[in-house]
Amino acid sequence: MINHSLKLPISLKVSISIFIVFWLIIAAFPFIWTLWGSFKIEADFFSKADWMNALFAPRTIAEKGGAFTGDGYYGAWVQENFWQAVINTTLVCFFVVGTSLTIGTLGGYALSRSSYKYTFWLLITALIFRAMPPITLVAGYLLPFYEWNLWGHLATTVIVLVAINQPFTLWMLHSFFQKIPKELDESAKVDGCTQFQAFRHVIIPVMWPGVITTGLFSFLLAYNDFAITSMLLSQNNQTMVPKIASFMGTTQTEGNVMFAVAAVVSTTAPLFIMVMFFQRQIVSGLTAGAVKG
Amino acid sequence: MKHKTFFWFFLPTASAMLLFIALPIFSIVIQSLFTPHDAVIIVTENCDPFGCKQETTIDQEATRDLRKSEPLGKFVGLEIYKDRGHLAVNEVKEIWIESNNFTEFKKNIGNLPFYRAMAFTLTFTFTVTPLMLVFGFIIALAVNSLHHNLKGLTIFFSLLPMIVSPLIGSLVLFWMIDSRGIIGEALQYVFEDPDLSLKASTGLTWVMLIVYGVWHAAPFSFVVFYAGLQTLPMDTIESAKIDGASRLQQVWYVVIPHLMPLITFVALMQLMDNFRVFEPIVGFSAEAHAQSLSWFIFNDLGGETRLLSSAATSSVLTIIGVSILLFPVLIRTWRDFNEKSAK
């Protein structure tokens, strides 16, 4: 029955098509709708009178002179300084991905090349750490961070996110490195390389597919995090996701909901582009852990 | 690899995890046993012609000094665990004695904040996990029978609900189900009730959060199962066909057993991940009707007064919960590893 779509009876074919269309609408429509609505004013996107207002935007035309308005974006980016959050997110993501890949590749490589029993226990410990909800750790951070004036800075958050990211990064890279034949670096060592030289000259050139996939997931974790960033960053240093949450908290006045809508669209757009380019890597990353086990 | 080389390779990642995961876990256990110092109170006697009055004032300076010198507070043992905001030992005992039957007991327990959060977290975990497995499996089967050119596009759109931050995903849905949003108005129309609001009732709020949970998690099981379907043993399918198995029987007796390891993997991962449900509650502003354990901690930590001890206690209890869910995963990993080393 698999890959034999031609052999499927017509009724089954139709119901499959209907189901796929149904699922695609569920999956994609909310995003398209929000993108569309972000160019309207609140009275249209949240219309009490008629939902069609969101499509034809009579109030937006009446107030702004056109069916589309960039007011939400202007309000979010300029008035509410969303650009600051964008810069903060960029910095956090860049350093989180860089640092966690650097220390993660070293650790993951070591785990895949050592045959002693303790590697197993280290992986198990990492698995236990992976299961901890990040928010449960925050109470443990706050006291020392206040005491030593570390609270609120981007650097502190980067280090915390790197650490929280490590268990997952280690597991993933460990399984990628295991697929690289051990003979490669063994023969380099026979030729007189130290372990580090073997890693540097033989492994690094061939490890990039695995590293890029792992990097994507590190990026997603840093980009999407709310629990840690909302707790550990001061107002000025907030990244995009906690910034959007603070839009929601402070305001329900006219227009401000549209700031949040515009900010949500601005945050989601880079992810769309990322999925477009790296779809295959994301899929292989999701299945890497599963197929192996 | 030699022990020494291994040590140096592993040191950076190990120290990051030790300092920022292991140490905080240790720290919250300690913190949960302490409570902030009470304010230092000075009793002064003021005498005037009409008699003497005792006045109590708070010695601000002494309080500040005491709190600064011992930031942890004073040791109270397991008191915080037993208080009304957490396990509520006394209240539970009272309810047990006063309640006539089990339904009444359950209802009264539901009024205690910690048990309410626990109830929602467990309901969410154990409904979303099976539903996302089933839904993801059906999508995988459907996509697998599509024409090759359509597969990539379908996968692209299917990934979206999973890839966006849970907070953003829930906000996007929240705006649509708002009573002035498109789905909200559609529901009002369908049920002919212009005042219908999903936000107003506890039951509907839970349903809404669960639907969100499935929407967010189904792509994960879909992708994993879809990858599994690519490795289906075609000859088994062929022989099942020759034996006269219907499509449903082929799925039930060949496909599902083949995917079983993946199903277990996804289920175990999801149990742990759904247990930490938190952002949707913020996104849907659902805290009046549904609170999860993680939200409970978040609420203690936020705001002007950061209730660290209380948050630490909830954290320890949550970690105990996660550990119970984690146990089957550990057993499975242990078995896998032993099988591999036996080979």
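Predicted model: local features only at pLDDT ≥ 70, side-chain atom pairs only at ≥ 80, totals over all residues.
Start in the middle: select V138(A) and I244(A), the residues with the most contacts inside the largest nonpolar core, which has 165 residues. A nonpolar core here is a set of buried Ala, Val, Leu, Ile, Met, Phe, Trp, Tyr and Cys residues joined through C-beta atoms within 7 Å.

Residues are numbered from 1 along each chain as its sequence is written, while chains are lettered from A and ligands numbered from 1 in the order in which they are written.

**Stop 1: around I244(A)**

Keep I244(A) selected and show its contacts (two residues are in contact if their C-beta atoms, placed from the backbone, lie within 7 Å). Setting aside neighbours within four places in sequence, I244(A) touches A260(A), A263(A), V264(A) and T267(A), plus L167(B) and I168(B) from chain B.

**Stop 2: where the chains meet**

Now colour the two chains separately. Chain A puts 79 residues into the contact and chain B puts in 85 residues. Which helix gives the most to chain A's side? Select residues 256–292 of chain A: this is helix α15, with 14 residues on the side that touches chain B. Helices (H or I, at least four residues) and strands (E, at least two) are DSSP runs, numbered from the N terminus. Chain A's side of this contact holds 60 nonpolar, 16 polar and three charged residues. In this sorting, Ala, Val, Leu, Ile, Met, Phe, Trp, Tyr, Cys and Pro count as nonpolar, Asp, Glu, Lys and Arg as charged, and the others, Gly among them, as polar.

**Stop 3: the domains of chain A**

Chain A splits into domain 1 (5–74) and domain 2 (80–292), with bounds that come from an automatic or database domain assignment. Their C-alpha centres are 33 Å apart. Where they touch, domain 1 of chain A supplies 12 residues and domain 2 of chain A supplies 10 residues. On the domain 1 side, α1(A) has the largest share, with four residues. That side divides into six nonpolar, four polar and two charged residues.

**Stop 4: along helix α6 of chain A**

Select residues 82–113 of chain A, which form helix α6, and find V86(A) in it. V86(A) counts as partly exposed because it has 18 C-beta neighbours inside 10 Å.

I87(A) is partly exposed because 13 C-beta neighbours lie inside 10 Å.

Then go to N81(A), in the loop between α5 and α6 of chain A. Its phi is near 55°, a positive value in a residue other than glycine. Is N81(A) buried or partly exposed? It is partly exposed, because 13 other C-beta atoms lie within 10 Å.

**Stop 5: the domains of chain B**

Bring chain B back and colour domain 1 (39–72), domain 2 (82–111), domain 3 (114–285) and domain 4 (293–343). The C-alpha centres of domain 3 of chain B and domain 4 of chain B are 24 Å apart. Each of these two gives 11 residues to their contact. On the domain 3 side, α12(B) gives the most, with four residues. By class, that side has nine nonpolar, one polar and one charged residues.

**Stop 6**

Select residues 234–242 of chain B for helix α11, and show α12(B) with it: they pack at about 145°, with axes 10 Å apart. Axes are lines fitted to C-alpha atoms, for helices over the stretch in contact, and angles run from 0 to 180 degrees between N-to-C directions. In this contact, α11(B) uses T236(B), I237(B) and A240(B), and α12(B) uses Q250(B), Y253(B) and V254(B). These residues divide into four nonpolar, two polar and no charged.

Finish at S285(B), in the loop between α13 (279–283) and α14 (293–301) of chain B. S285(B) has a positive phi of about 45°, although it is not a glycine. With 15 other C-beta atoms within 10 Å, S285(B) is partly exposed.

Definitions and conventions
Buried ≥ 20, exposed ≤ 12 C-beta atoms within 10 Å, placed from the backbone.
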